Amino acid sequence: MVRKSMAALLSFVLLLSAFAVQPGAADASNGDQIEAEARKHLGTPYSYGGTTPSGFDCSGFTRYVFKQEGISLSRTASSQYQQGSKVSKSNLQKGDLVFFSHGSGIGHNGIYIGDGQFIHSSSSNGISISSINDPYYWGDRYVGAKRVLSDESEEEETAQASAVKSETLETLPDGEYHDVDEDYWAHGSITKLGKEGIISGYENSTFKPSDNITRGQAATLLMKALDLERTGKDTGFNDVSEGHTHATAIKSVNEAGLITGDDDGNFMPNEPMTRQQMAVVFYRAFDLEGTSYDGSFADVGEEHRYSKHIQALAGSGIANGNEAGEFEPGRETTRAHFSVFLENALEQ
């Protein structure tokens with residue numbers, strides 16, 4: 001009778017042990033296994049809709065890798081973003097899924113492998129390794145991360161998120177912002193310009209680095225950075241009243257010939273400034289005429305309307321393209337990017 005009881009107890013213990021090592025538990029070795037499997041496919045070409053080692057798209061790759069370790073993921077990047085538990089950028093671990101925006105939603109993902117790097121299926125380079133903080137591409141598109149290897153409960157995550165939202169942020173010294181950590185790729189430029197009084201943030205000492213910079217905001221930054229003459233608020237533009245926040249700056253940059261309006265007499269102060277518009281403004285503001293660039297951009301040919309401005313900007317070292325060799329001229333400039341470009345220009 002005692003032997004039967006001992007045998008039953010041993011079977012029960014073994015059963016519990018089996019459940020304890022199921023995929024999805026917080027086992028540090030799982031991250032190494034995921035990385036090892038992912039690295040086997042380095043160099044595999046990108047294939048739209050691809051889900052096999054002959055060719056992957058981004059989510060097809062992550063789904064395949066995790067499947068080899070017995071973990072099931074949804075098919076698309078956006079649906080994979082709905083799985084697992086949220087992880088802050090400062091707490092990333094090997095095997096976490098990292099996500100990036102494309103337009104207005106989730107458009108790309110990969111697998112974090114440590115030291116700020118992730119492995120993914122890039123449309124230009126296939127299975128390759130990139131930095132999540134790449135200042136010219138991925139850093140600005142980073143959305144967040146999910147841990148599907150973690151056993152942390154959703155209730156704990158919800159509680160943590162609620163605590164952060166309810167927290168009242170303290171006022172920080174000039175140049176310091178709650179949403180710009182020391183490891184943020186544009187931290188140096190944002191901090192420096194903030195301390196010099198050229199840029200400023202929002203209430204509760206936030207900067208919103210990934211927000212688009214508007215034409216009005218750009219006008220104010222340039223007025224301060226270049227110490228332009230301030231002659232009042234009567235801009236003469238139909239859409240800028242004297243009570244507008246950036247009225248003085250708008251008049252200042254317009255009179256200096258740096259940022260002008262359209263043929264209908266509008267300045268469009270709340271419109272985002274694109275990278276090609278930014279190139280034109282910096283070309284004028286920092287006297288870049290005649291500056292050449294040894295390289296080229298895949299999306300900016302000689303026939304491009306703003307080719308000379310973009311080439312001069314790159315040749316001066318103020319701005320560069322992304323890892324695919326593109327300048328993305330029509331892309332809206334973020335507050336972080338504008339800060340870096342402006343600091344680079346002022347350092348010349």
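A contact means that heavy atoms lie within 4.5 Å of each other, and this term is needed from the opening exercise onward. The model is predicted, so that local features need pLDDT of at least 70 and side-chain atom pairs count only at pLDDT 80 or more, while totals for chains, interfaces and linings use all residues. Residues are numbered from 1 along each chain as its sequence is written, and side-chain values use heavy atoms, with hydrogens and water left out.

**Exercise 1. The whole protein**

Task: State what share of the contacts between residues at least 6 apart in sequence joins residues at least 24 apart, and describe the secondary structure, burial and surface of the protein.

Solution: Begin with the contacts: among those between residues at least 6 apart in sequence, 63% join residues at least 24 apart. Next, take the secondary structure, where helices (H or I, at least four residues) and strands (E, at least two) are DSSP runs numbered from the N terminus; the protein has 12 helices and 8 strands. Then turn to burial, for which buried means under 20% relative accessible area, exposed means over 50%, and partly exposed lies in between (1.4 Å probe, protein chains only). Of the 348 residues in the protein, 46% are buried. Finally, the protein exposes about 18,000 Å², of which carbon and sulfur atoms supply 46%; accessible areas come from the Shrake-Rupley method with a 1.4 Å probe, and for residues only the protein chains shown count as cover.

**Exercise 2. Salt bridges**

Solution: A salt bridge is a side-chain nitrogen of Lys or Arg within 4 Å of a carboxyl oxygen of Asp or Glu, and the structure holds 13 of them. Side chains of opposite charge can pair when their charged atoms come close. In the pair of D32 and K94, the closest N and O atoms are 3.3 Å apart. D32 is partly exposed at 41% relative accessible area, and K94 is partly exposed at 35%.

For R147 and D96, the closest N and O atoms are 2.8 Å apart.

**Exercise 3. Helix 7 and its cover**

Task: List the buried residues of helix 7, and say which residues S189 touches.

Solution: The buried residues of helix 7 (187-195) are S189, I190, T191, L193 and G194. What covers them includes helix 12, which spans 335-346. S189 has a relative accessible area of 8%, and therefore counts as buried. Leaving aside residues up to four places away in sequence, S189 touches S339, V340 and E343. Just after helix 7, G197 takes a positive phi of about 80 degrees.

**Exercise 4. Positive phi in two loops**

Task: Give the phi of K208 and of D287, and state where each residue is placed.

Solution: Most residues other than glycine have a negative phi, and most peptide bonds are trans. Phi of K208 is near 55 degrees, and K208 is placed in the loop between helix 7 and helix 8 (215-226). K208 is partly exposed at 36% relative accessible area. Phi of D287 is near 50 degrees, and D287 is found in the loop between helix 10 (275-285) and helix 11. With a relative accessible area of 62%, D287 is exposed.
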